[in-house]
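Have the sequence and the 3D view ready.

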Amino acid sequence: MIRAWSAADVRAAEEPLLAARVPLMERASFTLATQVVRDLRARRTSVRGARVALLVGAGNNGGDALHAGAVLARRGAAVTAVLTSGRSHAGGLAALVRAGGRVVDLCASPQQPASVVQAVVQAVVQDVAASDVVLDGLVGIGARGPLRDLPADVVSGLSALSGTPEGDDRPLRAQGAWVVAVDIPSGTGVDDGFVGGPVLPADRTVTFGAAKPGLLLPPAAGLVGELTVVDIGLRLDVEPAVRRLEAADVARAWPVPGGADHKYTRGVVGVVAGTTTYPGAALLTTTAAVRAGAGMVRYRGSDDVGRAVVGARPEVVTAPGRVQSWVVGPGVPGGPDVDENGNDDGQRERGRGGLAAAAGRLGGLAGGPVPAVVDAGGLDLLEETSPPWFVLTPHAGELTTLLRSRGVDVRRADVEAEPLRWARRAHELTGATVLLKGGVTVVVGPGVAYAQADGPGWLATAGAGDVLAGVLGAMLAARSDDVVASPALAAEVAAAAVLVHGRAAHRANPGGPVAALDVAHAVPAEVAALVNSA
Ligand SMILES: NC(=O)C1=CN([C@@H]2O[C@H](COP(=O)(O)OP(=O)(O)OC[C@H]3O[C@@H](n4cnc5c(N)ncnc54)[C@H](OP(=O)(O)O)[C@@H]3O)[C@@H](O)[C@H]2O)[C@@H](O)CC1
Ligand SMILES: Nc1ncnc2c1ncn2[C@@H]1O[C@H](COP(=O)(O)OP(=O)(O)O)[C@@H](O)[C@H]1O
Ligand SMILES: [K+]
């Protein structure tokens, strides 16, 4: 698992070590330089003679870049530091100069007219882009807001040169330079991943002490490249702000059935999905639940769609009965989509029934509370508040509608700019666990947040969300009682389902397009690979 802590927590953890005069910057910068050497070799470039540009800001982040530059210069690299502030880290600068590094100080003549400074910036930017490696040490965890002043000018100049719009996730690599961000890509929000101005997209980010939330969260996560976390000896005893599950975490937690298990202990998934108008969602959701290893899948819908489902997946039953998790909503019409006759094949009524049972409001024969996945049209069927074992699975548009229906003045663009913030708001307003789908999927439950980046862009295809709902339904059914008993567990299971779903998409057709049903069919082999590697 990758755990990320806020800038404040990282600083608090640094304090006792700095007080004890532990040379944190030396540790950080030496490891940074070592990583750059590895990257150069991997790119078949010799360190001796390699051109290295350092973008240096006013603080210790620039100090890290300068010290790393000194190490590289001592190994024969041709290192040039571009100083963007009148207050560069003195020790780092002295070390670089001693090691034979060159310095270009953009602030050397502060009285120059702006047009002259801009011309100098343009010339410098050309040189930087022609380097083998660029170290972005403009700002780190001391950053406040989007880049400004000369750091912003330099990054905008580089973005313009590489022909990519600011904030685009295609790195300078087009120019041949390998960009390594020092601690964070400068200009990205350390704690929230917000991107409000120019950022130089990195090929690699070398971060110190621990990952920071912004490195895992969209939209900044798309600018991080490969993430390398360097241990500099910090002790972080507080809960992380954001987590990311890795394959080994999911493999360890997967409920592999044993000799004493039977279909009911493995979990029955009740699915209310699809209508005569949208039968595909019913097929995709039930197929995914079957393929993810549900003990049994009960489909609830019209006779016509039920026949189609059983025709495609003979394992599915259509009779009512007890379930260990509900999946409500894929392909079920929501608010404005319900046609003028209100025709939904009765799915919204069935969905409300499923959610009432899942909340434990029916009791009796319906049994106690069980987890629920609430997707698409199902989101319209929610009561004002829900228990944390309900996992809502909106995409950004649906989350916007959900929030607006609860009086929050928010637009889709706001949700896309700050997904964690708005997913958390939805969790606070509804009480439910919220899984906000996207290229990076964010999951928020009581006291926990996950950011998963597992699937290829090809996964953005119709029906992929229905498959996720089915996979998650099967996973929640397998741990039904535990999920109801421990409020934060639904979020962990949801994050695990996102991982399986994303990896299944890679497996379905590595590097190429996938259809939603292909993803569902790739799930069993992906689960086998995961549990066999555990
Ligand atoms: N503590 C340690 O021992 C260790 C720390 N380590 C390293 O230190 C880094 C933190 O260093 P830090 O605290 O000096 O802050 P840092 O990120 O360099 O930036 C602050 C400077 O940037 C400026 N600035 C701010 N916002 C800006 C903006 N939007 N646009 C432009 N400029 C902006 C701001 O200027 P001001 O606002 O004051 O004018 C200020 O001068 C950390 O990320 C890690 O790399 C490692 O070596 C491990 C050991
Ligand atoms: N750029 C992307 N990269 C990777 N996965 C993505 C990307 N965009 C969307 N996804 C994933 O694709 C799925 C799309 O689901 P959804 O929007 O509900 O589509 P549908 O309703 O048609 O099933 C989600 O799992 C989402 O996380
Ligand atoms: K940086």
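This is a predicted model: local features need pLDDT of at least 70, side-chain atom pairs count only at pLDDT 80 or more; totals for chains, interfaces and linings use all residues.

## Around ligand 1

Now turn to ligand 1. Its shell counts 28 residues, with A58, G59, N60, G140 and G142 the closest. Four helices each supply at least two residues here: α1 (7-19), α2 (24-42), α3 (60-74) and α6 (149-161). Of the contributors, α3 gives the most, with four residues. In this shell you will find 14 nonpolar, eight polar and six charged residues.

## The annotated binding site

Which residues does the UniProt annotation "binding site" cover? The unreviewed entry lists N61, D136 and S186. They are spread over 126 residues of sequence, yet they cluster in space, with a largest C-alpha distance of 9.5 Å.

N61 sits in helix α3. It counts as buried because it has 27 C-beta neighbours inside 10 Å, where 20 or more are needed. Beyond its neighbours up to four places away in sequence, N61 touches G137, L138, V139, G140, G142, V182 and D183.

S186, by contrast, belongs to a loop, the one between β6 (178-182) and β7 (204-208). S186 is buried too, because 28 C-beta neighbours lie inside 10 Å. Leaving out residues up to four places away in sequence, its contacts include D136, another position under the annotation. Also among the contacts of S186 are G57, L138, V139 and P151.

Where they meet, eleven residues of domain 1 are in contact with 14 residues of domain 2. The domain 1 side of this contact consists of eight nonpolar, two charged and one polar residue.

## The largest nonpolar core

The largest nonpolar core has 176 residues, and L54, V82, V471 and A494 touch the most other members. Helix α18 (residues 489-508) provides the largest share, 14 residues.

For a closer look, pick A494: leaving aside neighbours within four places in sequence, A494 is in contact with V391, T433, L435, V443 and L472.

Terms used. Residues are numbered from 1 along each chain as its sequence is written. Chains are lettered from A and ligands numbered from 1 in the order in which they are written. Two residues are in contact if their C-beta atoms, placed from the backbone, lie within 7 Å. Ala, Val, Leu, Ile, Met, Phe, Trp, Tyr, Cys and Pro count as nonpolar, Asp, Glu, Lys and Arg as charged, and the others, Gly among them, as polar. A nonpolar core is a set of buried Ala, Val, Leu, Ile, Met, Phe, Trp, Tyr and Cys residues joined through C-beta atoms within 7 Å. A residue is buried if 20 or more other C-beta atoms lie within 10 Å of its own, exposed if 12 or fewer, and partly exposed in between; C-beta atoms are placed from the backbone. A residue is near a molecule or strand if its C-beta atom, placed from the backbone, lies within 6 Å of it. UniProt positions are given in the numbering used here, feature names are shortened, and annotations may be inferred rather than shown by experiment.
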